[in-house]
Protein chains: 2
Amino acid sequence: MKRQLFELLGKDDRRFSPYCWRTRFALAHKGLEAEYIPCTFGEKSKFAFSGQDKVPVLKDGETSVHDSWSIACYLEDKYPDRPSLFGGAVGRAEARFFNVYVDRELQGALAPLIILDIFNSTDPADRAYFRETREKRFGAKLEDVQAQREQRRPALQKALAPLSAVLAEQPFFCGESPAYADYIVLGSFQLARGVSPLKLLEPNDPLHAWRARMMELFGGLANSTSSYPV
Amino acid sequence: MKRQLFELLGKDDRRFSPYCWRTRFALAHKGLEAEYIPCTFGEKSKFAFSGQDKVPVLKDGETSVHDSWSIACYLEDKYPDRPSLFGGAVGRAEARFFNVYVDRELQGALAPLIILDIFNSTDPADRAYFRETREKRFGAKLEDVQAQREQRRPALQKALAPLSAVLAEQPFFCGESPAYADYIVLGSFQLARGVSPLKLLEPNDPLHAWRARMMELFGGLANSTSSYPV
């Protein structure tokens with residue numbers, strides 16, 4: 001049975017789930033092929049077998065795994081002879097801090113800047129659902145949230161600052177070559193460029209050159225779907 | 001020639017440098033003995049041989065290393081057969097994010113809450129120097145900075161939140177047992193309890209139980225100098 005990755009699909013072939021990007025890169029890092037099964041928000045029934053309602057979901061033979069972190073751990077344990085995503089037990093444990101930090105701090109600071117752009121990139125059939133759930137989360141209309149974009153930039157800069165500081169010292173978050181912590185961070189930039197022309201990084205920011213290096217990986221995997229130039 | 005660690009000394013045998021605590025724990029993790037050479041701010045001449053003016057400084061035979069991160073890397077490379085501080089190249093690279101995050105975000109949020117307590121814990125001969133340099137940094141009198149303590153607590157909680165979230169999932173930042181990333185975080189708590197009775201953590205915070213586990217390590221190394229109970 002072919003390996004399958006169920007991932008989020010927007011309009012015009014856009015993929016803006018940062019979590020699905022983490023899994024795409026994790027699979028590529030392991031050199032594992034998978035059939036991508038794009039699912040709009042309205043197509044959750046496609047992966048109902050997983051017993052929950054969020055992508056990414058990986059189906060690997062008889063095994064189903066959901067949640068990008070769990071999938072990364074599954075791939076690492078199931079395919080130990082392939083290139084390591086974590087470089088050992090300590091690296092795996094430390095990568096969890098990246099996972100938590102990016103989920104909470106970076107995503108939390110980035111999403112409001114582009115929330116209307118995300119809305120406009122969803123499948124038209126998903127928009128009522130998306131607007132209702134996100135406006136409830138933000139307690140405001142999507143248009144009003146994104147209109148505060150420039151006032152919210154300092155919060156994004158604050159969330160990016162420790163990441164930039166690390167890359168002033170080393171080429172990748174995982175050292176001389178990229179691994180899972182790099183994919184965690186990249187997912188947020190892939191979200192942004194999947195939906196918005198907004199420039200997030202100044203050219204002199206170490207993250208700028210890092211992102212360019214990341215976009216070259218695996219035959220240009222980062223550019224395999226519709227996205228804005230950076 | 002005996003191994004020597006030059007570290008910061010306050011009044012009443014207090015040690016409040018978070019960076020020196022990182023190095024103390026790194027040495028203990030490696031099972032390496034060192035003679036501690038306590039230095040007040042006024043005694044920088046003791047380690048002038050290092051060519052700079054900050055502790056910690058490690059003198060290991062003919063080698064002198066300063067800066068806690070550089071010392072940790074030195075110990076890892078010089079004593080590869082001892083227990084690893086990083087668990088490999090990826091773990092070392094990822095630990096740098098902890099180093100940056102704690103230096104910038106956690107220390108930046110913690111220091112203002114206890115800055116007058118730190119002042120009162122310095123050697124009396126150091127106080128004019130300490131007050132002048134820190135009041136310049138904060139742009140305010142130390143008394144006025146610390147008086148804003150309760151208003152500044154949310155910033156500390158924000159800096160601690162991603163760390164707590166990690167420890168909700170695993171016992172140590174480095175996994176099933178502690179390593180250097182744990183010592184990086186511990187240093188800030190050692191600073192706080194070295195100078196202040198201020199309670200930083202609620203008992204139900206995963207950091208609370210983690211700190212208790214850390215305080216048991218290496219025969220109670222965390223309690224080897226004067227400090228407040230937590």
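Are α6(A) and α8(A) roughly parallel or roughly perpendicular to each other? Ground rules before I answer. This is a predicted model, where local features need pLDDT of at least 70 and side-chain atom pairs count only at pLDDT 80 or more, while totals for chains, interfaces and linings use all residues. Residues are numbered from 1 along each chain as its sequence is written, and chains are lettered from A and ligands numbered from 1 in the order in which they are written.

**Entry 1: α6 and α8, chain A**

I looked up the angle between α6(A) and α8(A), residues 206–215, and got about 75°, with the axes 8 Å apart. The axes are lines fitted to C-alpha atoms, for helices over the stretch in contact, and angles run from 0 to 180 degrees between N-to-C directions. Helices (H or I, at least four residues) and strands (E, at least two) are DSSP runs, numbered from the N terminus. So the answer is roughly perpendicular. For the wording, angles under 35 degrees count as roughly parallel, over 145 as roughly antiparallel, 65 to 115 as roughly perpendicular and the rest as oblique.

Next I listed who touches whom: A:Leu160, A:Leu163, A:Ser164 and A:Leu167 of α6(A) meet A:Pro206, A:Leu207 and A:Trp210 of α8(A). Contact here is two residues whose C-beta atoms, placed from the backbone, lie within 7 Å. The classes: Ala, Val, Leu, Ile, Met, Phe, Trp, Tyr, Cys and Pro count as nonpolar, Asp, Glu, Lys and Arg as charged, and the others, Gly among them, as polar.

**Entry 2: α3 and its partners**

I stayed in chain A for α3 (residues 89–121) and α4 (residues 127–138), which pack at about 165° with axes 10 Å apart. That makes α3(A) and α4(A) roughly antiparallel. The crossing is left-handed, meaning that the near helix is turned anticlockwise from the far one by less than a right angle (clockwise would be right-handed). On the α3(A) side I noted A:Pro112, A:Ile115 and A:Phe119, and on the α4(A) side A:Arg127, A:Phe130, A:Arg131, A:Arg134 and A:Phe138. The class count is five nonpolar, no polar and three charged.

Then I hopped to chain B, where the axes of α3 (residues 89–121) and α7 (residues 180–195) come within 8 Å and cross at roughly 5°. So α3(B) is roughly parallel to α7(B). The α3(B) residues that meet α7(B) include B:Ala95, B:Phe98, B:Val102 and B:Leu106, and those on the α7(B) side include B:Tyr180, B:Ile184 and B:Val185. This contact has 13 nonpolar, five polar and one charged residues.

**Entry 3: the sheets**

In chain A I found an open sheet of four strands in the order β2-β1-β3-β4, with mixed pairing. Pairing needs at least two DSSP bridges between two strands. The edge strands of chain A are β2 (35–39) and β4 (63–66), and each pairs on one side only. The twist averages 20° from one strand to the next. I also checked β1(A), residues 4–8: three bridges join it to β3(A), residues 57–60, and the two run antiparallel. One partner pair there is A:Phe6 with A:Val57 in β3(A).

For chain B I looked at β3 (residues 57–60), which four bridges join to β4(B), again antiparallel. B:Val57 has B:His66 as its bridge partner in β4(B). β3(B) and β4(B) form a hairpin with two residues between them, and B:Gly61 in the turn has a positive phi of about 65°.

**Entry 4: the two copies**

I superposed chain A on chain B and got a rotation of 180° with 0.0 Å of shift along its axis (RMSD 0.0 Å). The two copies are thus related as by a two-fold rotation axis. Which residue of chain A comes closest to the rotation axis? It is A:Gly91, at 2.1 Å (C-alpha).

At the interface, 28 residues of chain A are in contact with 28 of chain B. α3 and α6 (149–167) are the elements of chain A that give two or more residues to this side. α3(A) gives the most, with 14 residues. By class I count 17 nonpolar, five polar and six charged on the chain A side. Finally, 100% of the interface residues of chain A are also interface residues in chain B, so the copies meet through the same surface.

Conventions. Copies are superposed by least squares on the C-alpha atoms of residues with pLDDT of at least 70 in both.
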